[in-house]
Amino acid sequence: MNERRRVRRTPVYKCAKISTNGSLRDCVVRDLSSLGARLALVSTAYISDQIALTFDGARTLRTCRVAWRSANEIGVEFCESAFRSAA
């Protein structure tokens, strides 16, 4: 399989939350780079194309665009270079 990513991702296993459609959903970050991540979820059926990712209970959020999805994983591209405060 050809690697199409611009930056190599690092394998991780980190709990996080996705903010989408006004609610927080649990996810696991499976790999991560400065440009994006692969997230594992129970289901991706109700995940919109634009989400926010948080590692600290929504105190800070990182806006993401969903680049691809499967039944229980999504690949996201970070829309900003840094986390922003939720306040």
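Reply: Let's start with Glu 73, which counts as buried at 18% relative accessibility; buried stands for under 20% relative accessible area, exposed for over 50%, and partly exposed for what lies in between, using a 1.4 Å probe and protein chains only. Before we go on, please keep in mind that this is a predicted model, in which local features need pLDDT of at least 70 and side-chain atom pairs count only at pLDDT 80 or more, while totals for chains, interfaces and linings use all residues. Residues are numbered from 1 along each chain as its sequence is written, and side-chain values use heavy atoms, with hydrogens and water left out.

Glu 73 has a charged partner, Arg 38: the two form a salt bridge whose closest N and O atoms are 2.7 Å apart. A salt bridge here is a side-chain nitrogen of Lys or Arg within 4 Å of a carboxyl oxygen of Asp or Glu. Because Glu 73 sits in strand β6 and Arg 38 in strand β3, this pair ties together parts that are 35 residues apart in sequence. Strands, at least two residues in length, are DSSP runs of E, and they are numbered from the N terminus.

The whole structure holds 6 salt bridges. Another pair to look at is Asp 26 with Lys 17, whose side chains meet at 2.4 Å, N to O. Here Asp 26 is exposed, with a relative accessible area of 56%, and Lys 17 is partly exposed at 28%.

Now step from Glu 73 to a residue that it touches, Leu 39. Leu 39 has its place in strand β3 and counts as buried, at 0% relative accessibility. Leaving aside residues up to four places away in sequence, Leu 39 touches Ile 18, Cys 27, Val 28, Val 29, Ile 51, Leu 53, Asn 72, Glu 73, Ile 74 and Val 76; a contact means heavy atoms within 4.5 Å. One of these neighbours, Cys 27, is 12 residues away along the chain, and its C-alpha atom is separated from that of Leu 39 by 6.3 Å.

Leu 39 leads us into the largest nonpolar core, which has 15 residues; Ile 18, Leu 39, Ile 51, Leu 53, Ile 74 and Val 76 are those with the most contacts inside it. Such a core is a set of buried Ala, Val, Leu, Ile, Met, Phe, Trp, Tyr and Cys residues joined through side-chain atoms within 4.5 Å. At least two core residues come from each of β1 (10–20), β2 (23–32), β3 (36–40), β4 (50–54), β5 (60–69) and β6 (73–78). The strand that gives the most is β6, with 3 residues.

How is β6, the strand of Glu 73, attached to its partner β5? The two run antiparallel and are joined by 5 bridges, where strands count as paired if DSSP finds at least two bridges between them. A hairpin of 3 residues connects β5 to β6, and Val 66 stands opposite Val 76 in β6. On to β4: this strand also runs antiparallel to β5, with 4 bridges between them, and Gln 50 stands opposite Arg 65 in β5. The β4–β5 hairpin has 5 residues between its strands, and Gly 57 in the turn has a positive phi of about 70°.

Our last stop is Thr 54 in strand β4, a buried residue with a relative accessible area of 1%. The Thr 54 side chain makes a polar contact with the side chain of Asp 56 at 2.8 Å and reaches the backbone nitrogen of Ala 58 at 2.9 Å. A polar contact is a pair of N or O atoms within 3.5 Å; within protein, one must be able to donate a hydrogen and the other to accept it, and residues adjacent in sequence count only if both atoms are side-chain atoms.
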